[in-house]
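Hi everyone, thanks for coming. Let me put the model up on the screen, and then I'll walk you through it.

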Amino acid sequence: ARADIVLVSGGNTLFAVDRWKRFGLDEELRKAAQRGCVLTGGSAGAICWFDAGHSDSADPQSYAEAMLAGGSAAASTQGASGSDSSDVKPWEYIRCGGLGVLPGLCCPHHDRTQSNGVLRSQDFDGMLLRHAQGETGVCIDHFAALVVDGADYSILSLEGKPGTALAGRDAPDFTGAGTPWIWIKRVVGDAVVATRLAPRGRLADVLTPATAIVEDPRVEAARAANPSDVDRP
């Protein structure tokens, strides 16, 4: 309760949030946010602070048994060019709920393809269209970070690394020639519209609470395949 910094690693978001709720840690983390504790992390450790996120929690390599055996779901995250088609795994991204410290639907590794062979950005657009009732998509490139300081935000972009922000383009570029960045995506009519986030600004100007939430029916299957209520060593 007195921590100054809470760092959440990558991994299985659904398993982690379910586990936290089981032990009441979700409320403690929200209290930590309210008192000004620094909350940080990447991948699942980014999704968890938002209302929800584009998650690889249905990837069997992120299940507890695989991780305890020394596996790493993060290791399967590749560049935008994609995976070797001969090694594609048959799992799907799911919409996974977070703690709701920040509004929005978070997509980490926005410019990456994982072991299912699907570019996360492309799949995320489909997810937004399925959840079109006012959710704001927060798309964070693999080598970018969103920094929130009170009512303000800024973007960190790792120099010399590839990303989707290319000079002269108003839409994400997946050739690897751009710089790491963050995009806001919203459904307008029947299309997903991406807006390049300004380097800094007011958080309330870019993130707004969802007007409605549509839960992903595939979550229960992922939860059953990797239950968080099993006692483990």
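**Two helices, two sheets and the spaces between**

Let's start where two helices meet: Trp 20, Lys 21 and Phe 23 in H1 touch Leu 25, Asp 26 and Leu 29 in H2, where contact means heavy atoms within 4.5 Å. Helices here (H or I, at least four residues) and strands (E, at least two) are DSSP runs, numbered from the N terminus.

A word on the source: this is a predicted model, in which local features need pLDDT of at least 70 and side-chain atom pairs count only at pLDDT 80 or more, while totals for chains, interfaces and linings use all residues. Residues are numbered from 1 along each chain as its sequence is written, and side-chain values use heavy atoms, with hydrogens and water left out.

Back to our helix pair. H1 and H2, the latter covering residues 25–34, pack at an angle of about 95°, and their axes lie 5 Å apart. Axes are lines fitted to C-alpha atoms, for helices over the stretch in contact, and angles run from 0 to 180 degrees between N-to-C directions. H1 and H2 are therefore roughly perpendicular to each other; the class runs from 65 to 115 degrees, with under 35 counted as roughly parallel, over 145 as roughly antiparallel and the rest as oblique. By class, the residues of this H1–H2 contact are 4 nonpolar, no polar and 2 charged. For these classes, Ala, Val, Leu, Ile, Met, Phe, Trp, Tyr, Cys and Pro count as nonpolar, Asp, Glu, Lys and Arg as charged, and the others, Gly among them, as polar.

Now for the sheets. In what order do the strands of the 6-stranded open sheet run? The order is E4-E3-E5-E6-E9-E10, and the pairing is mixed; two strands pair if DSSP finds at least two bridges between them. E4 and strand E10 (191–196) are at the edges with a single partner strand each, so one side of each has no neighbour in the sheet. From one strand to the next, the twist averages 30°. Inside this sheet, E3 and E5 run parallel and are joined by 3 bridges. Ala 52 has Leu 105 in E5 as its bridge partner.

Two helices to point out here. H1 packs on the sheet, touching E3 and E4, and its direction makes about 20° with that of E4. Helix H5 (residues 120–130) packs on the sheet too, touching E3, E4, E5, E6, E9 and E10, with its direction at about 35° to that of E9.

The other open sheet has 3 strands, ordered E7-E8-E11 with antiparallel pairing. Its edge strands, E7 and strand E11 (200–202), each pair on one side only. The twist averages 25° from one strand to the next. E7 and E8 run antiparallel, with 6 bridges joining them, and Val 147 has Ser 154 in E8 as its bridge partner. Have a look at the hairpin of E7 and E8: there are 2 residues between the strands, and Gly 150 takes a positive phi near 65°.

On a 1 Å grid over the protein atoms alone, a cavity is a set of points where a 1.4 Å probe fits but cannot get out; a pocket is an open set with protein on both sides within 12 Å along at least five of seven lines, and lining residues have an atom within 4 Å of a point. Grid points are joined across faces, edges and corners, and a volume is the space filled by probe spheres set on the points.

The largest pocket holds about 750 Å³ of space. It is lined by 32 residues, and Leu 39, Trp 49, Leu 102, Leu 146 and Val 148 are the closest to its centre. Which strand gives the largest share of that lining? It is E7, with 6 residues. By class, the lining has 21 nonpolar, 9 polar and 2 charged residues.

The second largest pocket holds about 230 Å³. Of its 16 lining residues, Lys 21, Arg 95, Cys 96, Gly 97 and Glu 215 are the closest to the centre. H1 gives the most to this lining, with 4 residues. Here the classes are 6 nonpolar, 2 polar and 8 charged.

Last, the structure holds 1 cavity of 30 Å³ or more. The largest cavity has a volume of about 40 Å³, and its lining is 9 nonpolar residues, with no polar and no charged ones. Among them are Val 138, Leu 146 and Tyr 153.
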